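Let's walk through this model together, starting with the overall fold and then moving to one pair of helices and the loop that joins them.

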Amino acid sequence: MFCPKCGKETPENQAFCASCGAPLTEAVRQGSTAPAAGISPKSRLATALFAFFLGQFGAHRFYIGKTGTAIAMLILTIVGWATFLFFVGFIFLGIVWVWNLIDFVFAVAGMMKDKDGLLIDKW
């Protein structure tokens with residue numbers, strides 16, 4: 001039997017995974033469901049599209065559950081646009097642009113993880 005959260009093999013008689021502490025459901029204990037070894041239920045396509053079109057506002061990070069960094073991106077964007085006339089804003093917008101570009105590449109390549117640390121792999 002495998003843990004549905006971390007994918008590690010666990011003994012048949014355990015109620016919780018010894019590795020990550022996730023509860024093991026009866027269906028998983030009986031082997032009727034295949035474990036998604038560290039794969040997120042979030043869509044890779046949706047993450048990539050959010051990053052491409054709304055990444056400046058952190059929409060892709062809100063989608064995958066990383067609200068803290070999504071709010072940081074949003075604040076940097078707001079401050080950047082509010083101060084771009086003073087040329088200081090270009091620094092903030094540049095930081096957000098590079099951050100978003102890296103996130104987009106990670107999303108398309110399937111290397112991005114959700115808030116639980118699970119890989120966003122399914123299209």
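Helices here are DSSP runs of H or I with at least four residues, and strands are runs of E with at least two, numbered from the N terminus. Counted that way, the protein has five helices and zero strands, so its elements read α-α-α-α-α from the N terminus on. Keep in mind that this is a predicted model.

Of the 123 residues in the protein, 29% are buried. The exposed surface comes to about 7400 Å², with carbon and sulfur atoms supplying 72% of it. Among contacts with a separation of 6 or more, 44% link residues 24 or more positions apart.

Now zoom in on one helix pair. Two packed helices are described by the angle between their axes and the distance between the axes. For α4 (residues 67-82) and α5 (residues 89-109), the axes come within 7 Å and cross at roughly 145°, and the crossing is left-handed. On the α4 side, the residues in contact include Ala 72, Met 73, Leu 76 and Val 79; their partners in α5 include Phe 92, Leu 93, Ile 95, Val 96 and Trp 99. By class, this contact has 10 nonpolar, five polar and one charged residues.

Finally, look at the loop between α4 and α5, where Phe 87 lies. Most residues other than glycine have a negative phi. Phe 87 is not a glycine, yet its phi is positive, at about 65°. Is its side of the story buried or exposed? Phe 87 counts as exposed because its relative accessibility is 63%, and the cut-off for exposed is over 50%.

Conventions
Residues are numbered from 1 along each chain as its sequence is written. This is a predicted model: local features need pLDDT of at least 70, side-chain atom pairs count only at pLDDT 80 or more; totals for chains, interfaces and linings use all residues. Side-chain values use heavy atoms; hydrogens and water are left out. Axes are lines fitted to C-alpha atoms, for helices over the stretch in contact, and angles run from 0 to 180 degrees between N-to-C directions. A crossing is left-handed if the near helix is turned anticlockwise from the far one by less than a right angle, and right-handed if clockwise. Contact means heavy atoms within 4.5 Å. Ala, Val, Leu, Ile, Met, Phe, Trp, Tyr, Cys and Pro count as nonpolar, Asp, Glu, Lys and Arg as charged, and the others, Gly among them, as polar. Buried means under 20% relative accessible area, exposed over 50%, partly exposed in between (1.4 Å probe, protein chains only). Accessible areas come from the Shrake-Rupley method with a 1.4 Å probe; for residues, only the protein chains shown count as cover.
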